[in-house]
Structure formats: C-alpha cells, structure tokens
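Hi,

Here is the structure I promised to pass on to you. Please open it alongside this note.

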Amino acid sequence: MADVVNKVGDGLWNAVLMGWEVWWALVLGFAISAIVQAWVPRERIQRALAGEGLRPVARATGLGAASSSCSYAAIAIAKSLFEKGASGASALAFQFASTNLVWELGLVLWVLMGWQFTVAEYLGGIVMIGLMWALLRFFVSREDEVAAREHARSAHAGHVHYAAATEGLTWRERLTSTEAWSDVAHNFRGDWRMLWKEITIGFLLAGFIALLGDDFFNGLFLTDAPSAVQTLWGAFIGPVIAVLSFVCSIGNVPLAAVLWSGGISFSGVMAFIFADLIVLPIVVAYRKYYGTAFALRITALMFVTMVLAALVIHLVFGALGLIPDTRPTTNDVFGSIEVDYKLALNAVATVVFVALIALTLRRGATDPVCGMRVDKGKALHLERDGRTYYFCSERCRAAFASGGEQAHDGAHAHHHDHAAQDSRV
C-alpha cells in the first residue's frame with residue numbers, strides 16, 4: 001500500500017512540475033489568441049470560404065490559425081461554416097489550422113520539447129492541409145459532401161452565441177479601451193473554460209505514464225528495430241495512442257513530451273500531436289454533425305493525412321539535420337521549481353490571468369440557460385420579477401422566456417459546441 005501511495009504521489013507531483021514548466025506559456029498563448037479573436041474582424045467569412053480552390057482553402061487556413069486551439073471548438077465552427085456554404089476542403093482546412101497553427105500550441109511545444117517541434121508542428125499543419133486538399137475526392141465524393149451538408153443543416157446545432165466585436169476602433173484605441181479588453185477577457189475565460197479539463201488530464205496522464213519505465217517504452221516503440229521501421233511504426237502508432245488517450249488540444253503536448261523521452265520516433269511524436277482531431281469523442285461528434293458515412297470517410301482521410309504529413313516532416317527534418325540527437329530524461333521533461341526565470345515568468349502570467357478573469361467578473365454575468373459568461377454591456381437581456389437576466393444568444397433568451405432555468409440542462413452541450421466560438425465566424 002505504501003508503494004501505491006508513493007507512486008500516486010510521484011505521478012501527481014510530475015503533473016504539478018509540468019504545469020509549472022508551461023504555465024506562463026499557456027497564459028501568454030491564450031491571451032494572444034483572445035486578442036486575435038476579439039479584435040480581428042471576420043466579416044463575410046462564409047461567402048469567402050465557398051468553393052474548393054486555393055483561395056478559399058488559404059482563407060480558411062488563416063482564419064483557423066487566428067482561432068482557438070480547442071479541438072471541440074474547431075469542429076463546431078467548421079460545422080457552422082460547412083452548413084452555411086463553405087466547401088468540405090475549407091471546413092477541414094479550418095480544423096487543421098485551428099488545432100496546429102495556433103500560438104499557444106507552438107509556445108508550449110517550444111517550452112517542453114524544443115523549437116524544432118514547434119517548427120515541425122507549423123510546417124506539418126500546412127502539409128496536412130495540402131494533403132487533405134489533394135486527397136479529399138478519393139475519400140469523399142461531391143454527392144457525399146452534399147448529403148453531409150444537408151445532414152449538418154438538419155442536425156441539432158446546439159447554442160449559437162453572439163459575441164460582438166469592438167468595431168470602428170483603431171488598434172491604439174483598443175489598447176486603452178476597457179470595452180475592448182473586456183472582449184479579450186471573455187474570450188480568454190471562454191477558452192480556459194473549454195480546455196482546462198483537457199490540459200489537466202494531459203498533465204496527469206503524462207505524469208503517470210512517465211512512471212512506466214524504459215522497458216515499456218522500448219518495447220512499444222521498437223527501439224531495437226532499424227530506424228526506417230521505427231519511423232514507419234511511430235507514424236502509425238502515434239495517432240492510435242492519441243485516439244485511445246482521449247486527450248486533445250494542448251492537453252496532448254505533455255504526453256507527447258513523455259513519449260519522446262520514452263523513445264518514440266520523431267514521426268511518431270508529430271503524428272501523435274496531429275491526431276487530436278480524431279480522438280473518439282470527436283469522431284462521435286462528426287457522426288452527429290454529418291452522418292455515419294461521412295464521419296467515417298473524413299476520419300479515414302484525416303488519419304491518412306496525419307500519418308503521411310508526419311513521415312514527410314520526419315524525412316525533411318532528417319535531411320536537414322534538424323531532428324534532435326539527444327532525448328530529454330524524465331527529469332528534464334518535468335523540470336523543477338526553483339528561483340529562476342520561470343518563477344518570474346509564472347508570476348507575471350498569474351497577474352495577467354487574474355486581471356483578465358477579474359475583468360469578466362466585474363463586467364460579466366452568467367447566462368442562466370447555458371452557463372456561459374457574457375459581457376453585460378453587450379449581452380441580450382430580459383427583465384423578470386424586477387431582475388435583469390443576461391444571455392449569450394437569442395436562442396438562450398427564448399429558451400429562458402419559455403422554460404426558465406429548466407433550460408440549463410443544455411449547458412452540457414455548450415462545452416463541445418462552444419457557441420461563443422461559433423459566433424466568431
């Protein structure tokens with residue numbers, strides 16, 4: 001029993017240490033993402049993403065890169081774009097970009113694993129989008145796409161929230177505007193609300209999996225096999241581990257660091273990180289959005305593109321000599337708490353975190369239907385019995401007017417559809 005308690009304690013402490021390593025990067029990344037989401041206009045996006053040519057796919061890629069890194073938000077926004085006229089290629093390009101080309105993911109990768117992995121992640125995201133665009137019609141016919149669009153339009157859309165952006169202000173004016181920073185704060189809080197569970201689970205999994213030991217990893221990753229076999233096997237097993245781990249978004253980066261320390265190939269690390277869009281809960285969401293046949297087809301397409309992109313990146317980085325020669329030890333991955341630059345950075349990050357959350361508390365209110373935090377100055381509202389209630393969308397206000405707080409049961413779906421994100425497109 002004492003050994004079990006010690007192991008549990010070691011796993012939890014590993015998770016705490018990894019959180020300490022990346023706290024400042026997470027806060028900075030989410031803050032940058034929130035600023036982009038709040039202050040970058042996205043008018044006429046649906047019309048701009050129609051068609052299968054290079055231009056709409058490139059626009060979708062740019063929009064995805066400026067969006068949140070949450071996988072659940074990415075698929076919800078892509079579904080909204082798709083049902084409103086965006087092509088299948090544009091919708092999938094948005095998903096790939098919003099989960100592979102975002103600030104916070106690159107920062108956390110850099111801190112935990114090194115700049116090579118950040119560059120590989122960004123380049124790999126672009127390669128995946130190109131491969132998806134080239135291979136789409138081998139997996140999905142135009143007839144399949146039309147049927148999926150009709151299914152998406154008839155499917156339950158969840159909450160469609162409204163988040164008004166600050167318009168008509170210059171960037172300098174936004175920097176001194178409380179209202180503009182309130183937009184940022186609410187986006188910041190919304191992203192944390194979506195992702196804190198995934199991030200926490202990722203740290204915990206990494207902390208406990210690191211305790212398995214070298215023998216386990218050497219056998220799983222075929223470290224005694226020729227390098228070509230390790231490369232191919234890693235590119236295949238990486239997404240499989242991601243699917244079975246149920247961890248997505250930034251939450252899979254800590255586990256990726258442990259897998260790299262354990263001996264998985266460079267291709268395996270990249271394939272694992274790419275695969276957050278095909279974890280089992282998200283595949284179930286695809287089925288709900290588009291129907292079983294289309295869900296299976298795009299899942300197969302994404303799996304193939306993830307494996308191929310990982311192999312391409314491995315070959316390119318290997319040819320350029322950019323694959324790290326040494327691997328970190330477990331102690332290197334998890335680090336330690338000391339009086340150093342990380343202490344200063346984490347202190348500043350904590351101040352930023354508290355300030356932004358405090359701004360949502362001062363100016364915010366909670367939607368009684370879905371539980372979302374909204375800005376009182378911009379939210380829809382309703383007077384009842386001498387009290388003012390605030391809502392994220394007309395849908396929530398109507399639900400409250402007809403059924404009161406009983407509609408709060410729909411809050412569970414809010415996490416996955418993330419309506420505030422949906423409205424930003």
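Below are the notes on a surface patch, a cavity and a hairpin.

First, the ground rules. This is a predicted model, in which local features need pLDDT of at least 70 and side-chain atom pairs count only at pLDDT 80 or more, while totals for chains, interfaces and linings use all residues. Residues are numbered from 1 along each chain as its sequence is written, and side-chain values use heavy atoms, with hydrogens and water left out.

Helix 1 (2-39) and helix 10 (178-209) each give two or more residues to the patch, and helix 1 has the largest share, with 4 residues. Helices (H or I, at least four residues) and strands (E, at least two) are DSSP runs, numbered from the N terminus.

Inside, the search of the whole structure finds 1 cavity of 30 Å³ or more, and the volume of the largest cavity is about 40 Å³. A cavity here is a set of points on a 1 Å grid, over the protein atoms alone, where a 1.4 Å probe fits but cannot get out; lining residues have an atom within 4 Å of a point. Points are joined across faces, edges and corners, and the volume is the space filled by probe spheres set on them. Its lining consists of Phe82, Gly88, Ala91, Leu92, Tyr290, Phe294 and Ile298, with the largest share, 3 residues, from helix 5.

Finally, strand 3 (residues 380-384) and strand 4 (residues 387-391) pair in the antiparallel sense over 5 bridges; pairing requires at least two DSSP bridges. The two strands form a hairpin with 2 residues between them, and aspartate 385 in the turn has a positive phi of about 55°.

Best wishes

Conventions. On a 1 Å grid over the protein atoms alone, a cavity is a set of points where a 1.4 Å probe fits but cannot get out, and a pocket is an open set with protein on both sides within 12 Å along at least five of seven lines; lining residues have an atom within 4 Å of a point.
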